[in-house]
Amino acid sequence: MAPAVTVTLDVEDLRPSHDLPERVVAMTELVLDMLADAEVRASIYVVGELAERRPGLVRRAAGDGHEIGLHSWAHVPIPTQRPEDFLADIRRGRALLQDLTGQEITGYRAPMMSLVPASAWAVPLIAEAGFTYSSSVLPGPSPLYGWPGLPRQPFRWSGGPIEFPCPMVRLGPIDLPYLGGTYLRLLPAAVRRIGLRRAARNEALWAYCHPWEFDTDEAFHQHDHIGTLASRIAWLGRSRMHRQLVRLLGEPVSPPLAEVAGGLIESELPVLHPNRPPELGPVGRWANGRLRQR
Ligand SMILES: [Zn+2]
C-alpha cells in the first residue's frame with residue numbers, strides 16, 4: 001500500500017492587480033468542498049492579509065476541522081525582507097489567525113519555499129513568533145528557492161522549530177518536489193507513484209496545492225515576481241488538478257502536519273544549525289534564490 005500523505009493547501013491571492021476579479025474565495029471553497037466530500041482534514045496555510053480581508057474563508061476552513069497555519073503576511077519571499085519586518089509580519093499573521101479560529105497556530109510555511117541559506121536568520125524568529133513547526137524548505141536545487149543538502153526527513157532546527165522538508169524524488173539527474181501542485185498538474189501520475197514507492201519510512205510526506213491551480217477559467221497573467229516561464233507553468237495543466245486531487249484523496253492520507261509534529265519523538269530527530277548548513281556543492285549555484293535575485 002502507498003504510504004500516507006498529508007494534504008496541504010497554500011491559500012494566496014496572486015492576482016497581479018486588484019482591478020481583476022477576485023477568484024481565490026470561490027476556488028478555496030471548491031477545494032474545501034472536495035476535502036469535505038472525501039472526509040479529509042488538511043493543513044491550510046493562509047496569507048495573513050487575505051485572512052484579514054476574507055475572515056469568513058478562514059473561519060469556514062477551521063470549522064471544517066482543518067489545521068490553519070500561516071503562509072506569510074503578504075506572500076513576500078523571506079530573503080527580500082528585513083528580519084524585523086519578517087518577525088512583525090509573522091507575529092501579526094499568527095495573532096490574526098488565532099483570533100479568527102480559536103486554534104493555537106503552530107505551523108508556518110514560507111512563500112515559495114523561500115527559507116534558504118540566505119534567509120537562515122529567519123529560523124529563530126519563526127520560533128520566537130510562537131510557531132513550533134515549519135514546512136518551508138525545498139531540500140534540493142531549484143531555479144527559484146531551494147536548500148540542497150538538507151535532510152529529507154523531519155528535523156529540528158537548533159534554536160528553532162521542527163522542519164518538514166518538501167518531499168522530493170530523484171529522477172535521473174534531477175530532484176523533483178513530486179507532490180507539489182505544479183508537478184501533480186504537469187507530470188504523469190507514474191512520477192507520483194515512483195516517489196511514493198521510493199520514500200523512506202522516516203519521511204513525513206505532504207502534498208501541496210493552491211486554489212488558483214483549480215481555476216480553469218482564469219485568463220493568463222504575467223507574474224513579474226516569478227518571471228515569464230514560471231507564470232506560464234503556473235497557468236498550464238489546470239484542467240488536470242481537480243482529478244489529481246481526487247486521486248490523492250482516494251489514497252492513504254495522513255493527518256494535518258500539526259498532528260504529525262505532535263507524534264514525533266523530538267529526541268530522535270536530527271538537529272541542524274541554520275547557520276552551519278550542509279555543504280551546498282556545485283548545485284548551490286541554483287539554490288538560494290540567486291537566479292531570481294540577479
Ligand atoms: Zn505561496
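Author: A salt bridge here means a side-chain nitrogen of Lys or Arg within 4 Å of a carboxyl oxygen of Asp or Glu. By this rule, the structure has 20 salt bridges. What you see is a predicted model, where local features need pLDDT of at least 70 and side-chain atom pairs count only at pLDDT 80 or more, while totals for chains, interfaces and linings use all residues. Residues are numbered from 1 along each chain as its sequence is written, and side-chain values use heavy atoms, with hydrogens and water left out.

Reader: What makes E22 and R15 a salt bridge?

Author: The closest N and O atoms of E22 and R15 are 3.6 Å apart. The cut-off is 4 Å, so the pair qualifies.

Reader: How do you know that R53 forms a salt bridge with E22?

Author: For R53 and E22, the closest N and O atoms are 2.9 Å apart, so this pair also meets the rule. R53 belongs to helix α2 (residues 48-53) and E22 to the loop between β1 (5-11) and α1 (24-38), so their bridge ties together parts that are 31 residues apart in sequence. Helices (H or I, at least four residues) and strands (E, at least two) are DSSP runs, numbered from the N terminus. E22, R15 and R53 are also among the members of a salt-bridge network that includes D13 and R54.

Reader: What makes D175 and R152 a salt bridge?

Author: Their side chains meet at 3.7 Å, N to O, so they too pass the test. D175 sits in strand β9 (residues 174-176) and R152 in the loop between β5 (133-134) and β6 (155-157), so the pair ties together parts that are 23 residues apart in sequence.

Reader: Why is D175 called buried?

Author: Buried means under 20% relative accessible area, exposed over 50%, and partly exposed in between (1.4 Å probe, protein chains only). D175 has 12%, so it counts as buried. R152 has 29%, so it counts as partly exposed.

Reader: What makes E12, H71 and H75 donors of the zinc ion?

Author: Donors are N, O and S atoms within 2.8 Å of the metal (3.2 Å for Na, K and Ca), and sites may look incomplete because water is not among the atoms. E12 (OE), H71 (NE2) and H75 (NE2) lie 2.0 to 2.1 Å from the zinc ion, so they qualify as donors. Along the chain, their spacing is E-x58-H-x3-H.

Reader: How do you know that H71 is buried?

Author: Its relative accessible area is 1%, so H71 is buried. H75, at 14%, counts as buried too.

Reader: Which residues form the positive surface patch?

Author: R193, R197, R198, R243 and R247 form it. Patch residues have over 30% relative accessible area and no salt bridge, with like charges joined within 9 Å and nonpolar side chains (Val, Leu, Ile, Met, Phe, Trp, Tyr) within 5 Å. Helix α7 (189-198) and helix α9 (238-249) each supply at least two of its residues, and α7 gives the largest share, 3 residues.

Reader: Which residues make the nonpolar surface patch?

Author: L186, L229, I233, W235 and L236 make this patch of about 430 Å². Helix α8 (residues 227-235) gives the largest share, 3 residues.

Notes: Accessible areas come from the Shrake-Rupley method with a 1.4 Å probe; for residues, only the protein chains shown count as cover. Lys and Arg count as positive and Asp and Glu as negative; His and the chain ends are not counted. The place of a charge is taken as NZ of Lys, CZ of Arg, CG of Asp or CD of Glu.
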